[in-house]
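Please look through the sequence and the model below, and keep both at hand while reading the report that follows.

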Amino acid sequence: MSEKKKITLDGTPIYDAKSLGVPRVLVLGVQHMFAMFGATILVPMLTGLDVSTTLLFAGLGTLLFHLLTKGRVPAFLGSSFAFLGGYAAIAPMDAAGGNRALLPYACFGVACAGLVYLLLSLLIKIFGTGKVMRFFPPIVTGPIIIAIGLTLSQSAIDNCSGDWLIAIVAIALVIICNIWGKGMVKIVPIIIGVIGSYVLAAVLGRVDFTAVKEAAWFGLPIHWEQTAFWALSDGDMSMLVTSVLTIMPIALATIVEHIGDVSAISSTVGKNYIKDPGLNRTLLGDGLATIVASMFGAPANTTYGENTGVLALTKVYDPLVIRMAAVFAILFSFSPKFAAIIGCMPTATCGGVSLVLYGMISAVGVRNIVETQVDFAKSRNVIIAALILVLSIGINYSAAGSVGFMLGELKISFSGIAVGALTGIVLNAVLPGKDYKFDDDNPKHTGVDFAVRGRN
């Protein structure tokens, strides 16, 4: 194998797949798959959707996204948590995990929500990115990115609390490998943390492998009666309409999160993906992936913060590594036994690894604000950032967990991130003293170049 090359930005080593070689790229792909796996399979577990179907369309959706974004954006598309409220409204899980017969209707509503992405993508294509991005300056996107990581932190802590010993081992392995590791060890800390803590849990007798023994080696991941096509052909039209009216508005929130995620990836990698390949293409990829996944009975897709955290941690930004993770997800979706092995993974292992990754997301948001030189001497900026953070985090941790209103007999709910983001966007648009203009120039070394004009 050829000697590993290093490209340096301000002294930071950056690795590319070509210089790393095939074996290392394969391992990195597995690492990205493990990073997304815990959260991705949690959505079907909470909703009743099929885990194997979810894996299949996470992989296919990621490859579709890379095709539509010219293979330039190192993003993995996993299960979106934003639509959990929509699934619960249409097909609430009972104590026995039932009510799955209504899930195809919910999937149809999520597929229609994906159409909103396509509409905005078309508008950006027609009117240009600048006219849209002026509503998303660093004072808005930075706090949103910070809030995304912090609101996810609760799930990481909850998972860790199941077995703090296993969680701490996972965290320690990730930190030790990333800080003091050499060569390949330094850039695969996640997979080492997962395997190390998983093995320890198994040795201590804290893992039940009964489900693995009972699972088949091979199985088809698509089931007709669980698809939205079934709902269209044999279902209740009133339920279809109800699902669309209930779930489609959630897209307004997830689009804001998409822009925040793309900004986070841009800041992490040091390339302005909002400019090239363009926000219209990333929205198109995300929207189409969501439509396809939902029509076949999988959860909505979204760009995954866990994998952005892996990018920040490993400094391997080559999109080829992400595509390898997608291929692995597709292959393993045909093996119920593999899904069972991952399903048996201690929640504390997922929690420990996620704790690091979610923190990395928030750190990227802080870096975005610092390096774009947001002026916090201005009261407008302080107010915008404060309300985004307080609303996003406060609502997320409130008893209801969301803010809703009635539309006729239907209740429309918005997550804390959605409320905080929409509040920030509106305040930035109406408060005086804006000094931001979207710049299509090359990004700074470690962040998207959101140029700020007219400083005093």
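Arg72 counts as partly exposed, because its relative accessibility is 36%, where partly exposed is the range between buried (under 20% relative accessible area) and exposed (over 50%), found with a 1.4 Å probe and protein chains only. The model is a predicted one, in which local features need pLDDT of at least 70 and side-chain atom pairs count only at pLDDT 80 or more, whereas totals for chains, interfaces and linings use all residues. Residues are numbered from 1 along each chain as its sequence is written, and side-chain values use heavy atoms, with hydrogens and water left out.

The side chain of Arg72 meets that of Asp276 in a salt bridge, a term that stands for a side-chain nitrogen of Lys or Arg within 4 Å of a carboxyl oxygen of Asp or Glu. Arg72 lies in the loop between helix H3 (51–68) and strand S3 (77–79), while Asp276 belongs to helix H15 (residues 274–295), so the pair ties together parts that are 204 residues apart in sequence. Helices (H or I, at least four residues) and strands (E, at least two) are DSSP runs numbered from the N terminus. Asp276 is also partly exposed, with a relative accessible area of 36%.

The structure holds two salt bridges, and they are set out here.

| Salt bridge | N to O distance |
|---|---|
| Arg72 and Asp276 | 2.4 Å |
| Asp163 and Arg206 | 2.8 Å |

Asp163 counts as buried at 18% relative accessibility, whereas Arg206 is partly exposed at 43%.

Which residues have the most contacts inside the largest nonpolar core? In this core of 62 residues they are Phe83, Tyr87, Met133, Val140, Ile144, Ile265 and Leu279, and a nonpolar core is a set of buried Ala, Val, Leu, Ile, Met, Phe, Trp, Tyr and Cys residues joined through side-chain atoms within 4.5 Å. Helix H5 gives the largest share of this core, namely 12 residues. A second, separate core has 44 residues, including Ile190 and Val356.

Turning to the whole chain, there are 21 helices and six strands, and buried residues make up 54% of the 456 residues.
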